[in-house]
Amino acid sequence: MTMQTEPYVLNVGPVHPSTHGVFRMRVTLDGEVVINVEPVFGYLHRGIEKLAEERTYTGIIPLTDRLDYVASMTNNAAYCMAVEKLAGIEVPERGEYIRVIMSELQRVAAHFISMGSFLNDCGSYFTPFLLMFRERERITDLFEMVCGQRLMYNYIRPGGVSQDLPDEFVPALKTMLEQMKKYIEEHEKLLKENEILIARSRGVGILPKEMAINIGASGPTLRSAGVKWDIRKADPYSVYNRFEFDIPVGEQGDCYDRYRVRMEEVKQSFRIVEQAVKQLPGGPVRAEVPQLIRPPKGETYAHIEAPTGELGFYLVSDGGIAPYRCHIRAPSLMNLTVLRDMMIGWKLQDLIVIFGSFAITMGEVDR
Amino acid sequence: MEVTRPPFIYSDKELDEHEGQVVENLKAASQTPFPDPDKWLVEEAEKQGVFLTTVDAVINWGRSNSIYPAICFPACCAFEFIAAMGPRFDLSRFGMEILRASPRQADLMITAGTLTWKMAPNIRRIYDQMAEPKWVIAMGACAVSGGIFRSSYNVVPGYNRIIPVDVYLPGCPPRPEALIYAIRMLQAKIRKRANIGKD
Amino acid sequence: MTVALAAVDVQKKIEAKFPGTTSIEKNAILVKAESLLDVMSFLKKSPDLAFDYMTTITAVDYFDYFEVIYLLVSMEKNHGLTIKTRVFDREQPSLPSVISLWHSADYQEREIYDLMGISFKGHPNLKRIVLWPEFKGYPQRRDYLQ
């Protein structure tokens, strides 16, 4: 005797405890198995690209802070690199080293949030998430010492950084690195070989290598599929060619691999910060830049390795004080293209784990 | 009694158009901000001062010390709210221990993030689903007045176009200590409320 | 180091196969809209160019025409190239879609359709992505007034 069944549409809505931000999926289910997924976004579309056409080049920096709101330093750095390429400004050495230190600390802070919410989705109700927030507070204390803000820094400017490091920064940084190493050991002991984590995320949501390149993925999502492509090594910018670091690469491309790639990247970031602090030179931190920058006519594209992937800015200038067009290449939007193909055939609870392992920020997807 | 139900909509295109129509209707209906819900405080103070019975005082003490916030996290201020819930700036010492996912079990809606016209009908629906008594704290510059994005084509200039707001908290983003101050202000307001004899 | 290929060298190779379709514009290759798909599949499939990764698609509104810019990168050879094309129609602008070559064009072309109004022939799901269907106008155009 056969039972008559019918597929139904479930709305995993914009306000949901497991979607990271306002993201909505219309899921067609047959029992518990997913047949079709349609992502809907745009609930945080604030029109940043259009607002940028009305502001001066330095006045756009607070707008770029709010793109990927957990990693503001790297957003500022990408935009300032694009402006410097257009206007032909050269950054002094000390400014470059400070930018590298800030970007790598920001990468650690952003990865802590992504890993914490991924572990939250896998079932450990809030404990690793809050522990990672406690460690992240150490990093935001350092940022507050430098520029006064906890979340939206507005610190990296065209030509360097806005002000020099205070005297107590380097000793505080060294103490923080010691404490962090102890925390990461404790974290790995508890969670690296954890049965429940492996059962929920090993073999789930596999992203094959050719598909990852075809959809334009970048960052940990691309590297977990086995492709060794990191902009800091493939197209070095700033002073990254003076440091020694490795690029962690995954094997299978499943959710567990994405979590491990992020953890290894945190350790490599600490290596870079230690080397940069040793080599830190003296001198000015910002080049002599006029109040209102007027780059010559032209267009350019500059990209960096942000925590979520390749963040790029395409700037078109017509010689005035505001850009003619500012386009933002958002890594989270490109990584999301493959969501539907990766989720079909899995069950509803795997959907949440797969979506959590992408670690997207809605401010970047919608802009 | 005849109950009429709307027809079920299944295709993606029709769903999109139906939702888009809801957004346009809400946009046309929200051209002026909601009036302040605090008017009764001013009128009472003009008479002889607020006079509460002991039962009222006990009920208000219970309500103000056990507020459950609802989840409403569009954007960046959400991370300051989560940091306020974290181990450093502990919100559970003020009674706000748990974050309730279901709006039916929540009293307080802390709106942490920019509101866009596309998201507005969903926020209105969550506010309507919360049970009385309920309060709203508008957190951040974007919630108070649209903030840095005010002149954009998709941004609502402040939450008070859609729902009535009790406490306004400026900052971009406001520090967790500022959020705690706003919650203390709200608790002071709840304690002045006369429950018995009020409709 | 990702080498930015000199546009003149690549243009010679393209002209050998598809004569009369390209011109040089400041180290970017300007391709005519009708032959866009042929040139793009040649760039992807030819073994010494092998552009397998498309970084981004952008659209800019100069009042006489829309300019659409494609940035291509090859991961195995580590070189990059910029391709541009122009659309002169302002009422119903349209271009062929490159989604059959690079799937990363999916959301980006939908966003350009939503915010600039350029439609892409051959896209399986062309509808508005960040705004709602009854929204009137295309906000990113330079002459959009609220």
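Chain C of this predicted model has 3 helices and 8 strands, where helices (H or I, at least four residues) and strands (E, at least two) are DSSP runs numbered from the N terminus. From the N terminus on, its elements follow the order β-α-β-β-α-β-β-β-β-α-β. Residues are numbered from 1 along each chain as its sequence is written, while chains are lettered from A and ligands numbered from 1 in the order in which they are written. Because the model is predicted, local features need pLDDT of at least 70 and side-chain atom pairs count only at pLDDT 80 or more, whereas totals for chains, interfaces and linings use all residues.

**Chain C as a whole**
- The radius of gyration of chain C, taken over C-alpha atoms, is 16 Å, close to the 15 Å that the globule rule gives for 146 residues, so chain C is as compact as a globular protein of that length; the rule is 2.2 Å times the number of residues to the power 0.38.
- The C-alpha trace of chain C spans about 45 × 30 × 30 Å along its principal axes.
- Of the 146 residues in chain C, 36% are buried, a term that requires 20 or more other C-beta atoms within 10 Å of the residue's own, with C-beta atoms placed from the backbone (exposed is 12 or fewer, partly exposed in between).

**Where chain C meets chain B**
- In chain C, 6 residues are in contact with 9 residues of chain B, contact being defined as C-beta atoms, placed from the backbone, that lie within 7 Å.

**The sheet in chain A**
- Chain A holds an open sheet of 3 strands in the order β1-β2-β3, with antiparallel pairing, and two strands pair if DSSP finds at least two bridges between them.
- Its edge strands are β1 (8–12) and β3 (33–40) of chain A, each of which pairs on one side only.
- Strand β2 (residues 24–30) of chain A pairs with β1(A) in the antiparallel sense over 5 bridges, and Val12(A) stands opposite Met25(A) in β2(A).

**Helix α5 of chain A**
- The 21 residues of helix α5 (residues 127–147) of chain A should span 30 Å at 1.5 Å a residue, which agrees with the 30 Å between its end C-alpha atoms; the expected span is 1.5 Å times one less than the number of residues.
- Among the buried residues of α5(A) are Pro128(A), Phe129(A) and Phe143(A).
- The buried residues of α5(A) pack against α4 (93–122) and α6 (169–191) of chain A, together with α4 (77–85) of chain B.
- Gly148(A), whose phi is positive, near 90°, follows α5(A).

Methods. Two residues are in contact if their C-beta atoms, placed from the backbone, lie within 7 Å.
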